[in-house]
Amino acid sequence: MKDNKCGYCMKNELLDPFGIYICDLPASVLVLFKEQSHLGRVIVASKEHKSEIASLTEEEAADYIKDVRRVAQAIHKAFKPDKINYGAYGDTAGHCHMHLVPKYKDGFEWGGIFQMNPNKKFLSDDEYKEIIEKIKANL
């Protein structure tokens with residue numbers, strides 16, 4: 001089921017305020033988070049328009065987690081973070097999604113909880129394209 005008012009479902013301008021569509025994976029949609037205080041931060045959203053992982057079937061959930069793992073591995077290869085934090089909030093989004101937030105020992109917010117949107121670091125279109133290409137090359 002798709003919701004035509006949901007950026008993750010539609011993969012269109014509804015994502016523009018916060019993200020850039022990267023690609024589809026078997027069970028999810030991969031989105032680059034525009035605010036890049038954490039280099040390589042992405043969102044992995046289920047292809048199913050369901051509000052929580054508990055709402056997914058056993059098979060949908062397993063396939064979704066496989067995609068999250070695949071993306072995490074790609075981020076580790078592409079950007080070499082010291083750790084990736086995972087955040088699954090979505091109080092208002094109504095669509096199961098997870099933020100993958102690379103953390104670097106010498107970087108922003110190391111040792112603490114990441115901010116949902118620190119609103120500090122936005123990039124040029126070319127810089128976003130470079131990050132997206134690095135992620136895709138490692139998927």
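1. Helix 2 passes helix 3 in a right-handed crossing, a term used when the near helix is turned clockwise from the far one by less than a right angle. Helices here are DSSP runs (H or I, at least four residues), and strands are runs of E of at least two, numbered from the N terminus. The contact, meaning heavy atoms within 4.5 Å, is made by A74, K77, A78 and F79 of helix 2 and by I131, K134, I135 and N138 of helix 3.

2. This is a predicted model, in which local features need pLDDT of at least 70 and side-chain atom pairs count only at pLDDT 80 or more, while totals for chains, interfaces and linings use all residues. Residues are numbered from 1 along each chain as its sequence is written, and side-chain values use heavy atoms, with hydrogens and water left out.

3. The axes of helix 2 and helix 3 come within 8 Å and cross at roughly 120°, the axes being lines fitted to C-alpha atoms over the stretch in contact, with angles from 0 to 180 degrees between N-to-C directions.

4. K80, in the loop between helix 2 (58-79) and strand 4 (83-87), has a positive phi of about 55° although it is not a glycine. Most residues other than glycine have a negative phi.

5. E109 also has a positive phi, of about 65°, without being a glycine, and it lies in the loop between strand 5 (97-103) and helix 3 (125-138).
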